[in-house]
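Welcome! Let us take a walk through a protein model, one stop at a time.

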Amino acid sequence: MPAQGENGFDCAAELVEVWRGPLIESKHRGHLIAVDSLDKAVATLGSPDTITYLRSSGKAFQALPVVASGAADAFGFTEQEIAIACGSHNGEPIHVETVRSMLDKIGLDESALKCGTHEPYSIDVARELIRKHQKPTPIQNNCSGKHAAMLALAKHLGAPTETYDQLDNPVQQMILQTVAEFSGVPVSNIVLGIDGCGVPVFGISVRAMALMYARLVNPPCEMSTDVRDACKRIVQAMINFPVMIGGTKERLDTELIRAGGGRLISKIGAEGVYTVGVLPSEGWPNGMGFALKIEDGDDRRARPPAVIDALRQLGVLSQGDLKSLEKYSPTIITNRQGRRVGEVRAAFTLDIRHH
């Protein structure tokens, strides 16, 4: 294992301040970078060469071989179903129905899912389960769409569905190759662990994560036609069905994609990871990839203001876009009486290199 200094955790930048009244009570540090699809850095803070796990920010790339191989079309997956394969969904009825449809199309049921169970992200769904004295099921797991897509790929390849979650299965080998192709990191240099849902997870630099998203929204011409077409379909599915990426309410991914109005995709990853792909435009002719890692792994209070303010400074989000995201940046701190007593806000200024 790399020493802490080698891994960049002693080189983090201050990203977020937690204010209570006139006093900074806490700080969150981390790393962020924006790059274009040619791997030219636009802005950096901290040490973007820090190696950390991609976590759920990798879901679009885990879904990519499903589309590129022809498996998605072979089973008649809809755009909505492709979107949920890229999402960390709330476990709401609309998500459960969509994943169940995918399983029906490939001739399997919920028992084939190896993602395990957790309390649904939707507070309403979780409370309803408690009220009915029911336990969560694998199909309500935020990763069930990804797992259903992996099962589809296994069936399409003729690989064993019973071991689709194992590294030596052709499904996971195709995914590993996809991560290597988009990140520019050789397979032998990708650090492998096990994600919360049981499948392999990939340790790469924060910079490589940003490059993956830059290439997802603007794939290099040397990539195969099938891969470039799959990128386009996945990006469009995420834009068209943002509710499948997160949920109907209180999900930053969903609301950020909506605010972007077709200009960007975004995806959370556990332990303070966040990634964004900005589609090619007049401002970003080569597209742009953004990646962030909150050093202490905070997922709730630090990440939203850091991401939103970085995108504001980069000129990706306008004042009008920010209006719909104001509950996330700054994050408001209230006391037990519901009174506003402080806020969590971004504490950095990006040095943007013109592209």
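What follows is a short tour of some strands, some charged pairs and a surface patch.

Please keep in mind that this is a predicted model. We can begin with strand E11, which covers residues 340-346 and pairs with strand E1 (residues 13-20) in the antiparallel sense over five bridges. Along this pairing, valine 18 sits opposite valine 344. Strand E11 also pairs in the antiparallel sense with strand E10 (residues 331-334), here over four bridges, and threonine 334 faces arginine 340. E10 and E11 make a hairpin with five residues between them, and in its turn glycine 338 has a positive phi of about 85 degrees.

Next come the charged side chains. Side chains of opposite charge can pair when their charged atoms come close. The structure holds 20 salt bridges. One of them joins arginine 20 and glutamate 25, at 2.9 Å from N to O. Another links glutamate 110 with arginine 100, whose closest N and O atoms are 3.8 Å apart. Glutamate 110 lies in the loop between helices H4 and H5 while arginine 100 is in H4, so this pair ties together parts that are ten residues apart in sequence.

Lys132 joins Glu128 and Arg131 in a network of salt bridges.

Our last stop is a nonpolar surface patch of about 220 Å², made by Ile51, Tyr53 and Val191. Isoleucine 51 belongs to strand E4 (residues 51-53) and counts as partly exposed, because its relative accessibility is 35%.

Note on methods: Residues are numbered from 1 along each chain as its sequence is written. This is a predicted model: local features need pLDDT of at least 70, side-chain atom pairs count only at pLDDT 80 or more; totals for chains, interfaces and linings use all residues. Side-chain values use heavy atoms; hydrogens and water are left out. Patches are made of residues with over 30% relative accessible area and no salt bridge: like charges are joined within 9 Å, nonpolar side chains (Val, Leu, Ile, Met, Phe, Trp, Tyr) within 5 Å. Accessible areas come from the Shrake-Rupley method with a 1.4 Å probe; for residues, only the protein chains shown count as cover. A salt bridge is a side-chain nitrogen of Lys or Arg within 4 Å of a carboxyl oxygen of Asp or Glu. Helices (H or I, at least four residues) and strands (E, at least two) are DSSP runs, numbered from the N terminus. Buried means under 20% relative accessible area, exposed over 50%, partly exposed in between (1.4 Å probe, protein chains only). Two strands pair if DSSP finds at least two bridges between them.
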